[in-house]
Amino acid sequence: MTFKDLKIAEPILKALIIKNYEKPTPIQEQAIPLVLQGKDLLGLAQTGTGKTAAFAIPIIQKIFVDSDNKAGKIKALIITPTRELAIQIDDCFTEYAKFTGLKSTVIFGGVNQRSQVDRLKKGTDILIATPGRLLDLISQKYIRFDHLKYFVLDEADRMLDMGFIHDIKKIIPLLPKVR
Ligand code: AMP
């Protein structure tokens, strides 16, 4: 099985070649076709098995091939528990999407919000966020989800262990029902 067999679009394939990804890992092989079909998915795999690309690649592809793609509006939201993970995920999206014209932005707490707000104002297709800063910037009206289609809870188990359930419960009602 290759990424080409999974019907990944040329600009994404090109980025994966640069990353030296020769073939999908088992979680990618299983997850990518289901996400491309628009199905909901719960994935379980150990660290280092390529989970990030298992959701990032098909989400980029779905947005890239969507003729109704509203450039610069948030179409995908990825929530993750820590700043380090958020930055890592943003790096992955940036690399896999670099020939698609899609933009990703990362927001997290513990730092001044100004540069994050400046980036949001320029428009982004994909938003990676930690829960607290996300709620904060939503309440300040810097973030809207009218065009959101894809929602990922990364490391959902860890997020619950860390007590983020209350924040998640506040965020979910703010998203479109169909996603
Ligand atoms: P993750 O489990 O998402 O943290 O990924 C672990 C590492 O595997 C990262 O350094 C990725 O760049 C790398 N990786 C992800 N998918 C592939 C693949 N299909 N082939 C080779 N390396 C990969």
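Guide: Let's start with a polar contact: a pair of N or O atoms within 3.5 Å; within protein, one must be able to donate a hydrogen and the other to accept it, and residues adjacent in sequence count only if both atoms are side-chain atoms. The model above is predicted, so local features need pLDDT of at least 70 and side-chain atom pairs 80 or more, while totals for chains, interfaces and linings use all residues. Residues are numbered from 1 along each chain, and side-chain values use heavy atoms, without hydrogens or water.

Visitor: Which backbone atom of Lys 51 lies 3.3 Å from an oxygen atom of the ligand?

Guide: A backbone N or O atom of Lys 51.

Visitor: How much of the ligand does the protein bury?

Guide: The protein buries 66% of the 500 Å² that the ligand exposes when taken alone (Shrake-Rupley method, 1.4 Å probe).

Visitor: Which residues are around the ligand?

Guide: Here we look for a heavy atom within 4 Å. Among them are Phe 3, Tyr 21, Lys 23, Pro 24, Thr 25, Gln 28, Gly 48 and Thr 52.

Visitor: Is Gln 61 buried or exposed?

Guide: Gln 61 counts as buried because its relative accessibility is 8% (buried is under 20%, exposed over 50%, partly exposed in between; 1.4 Å probe, protein chains only).

Visitor: What does the side chain of Gln 61 reach at 2.7 Å?

Guide: The backbone nitrogen of Ala 9. A polar atom of the Gln 61 side chain also lies 2.9 Å from the backbone oxygen of Lys 7.
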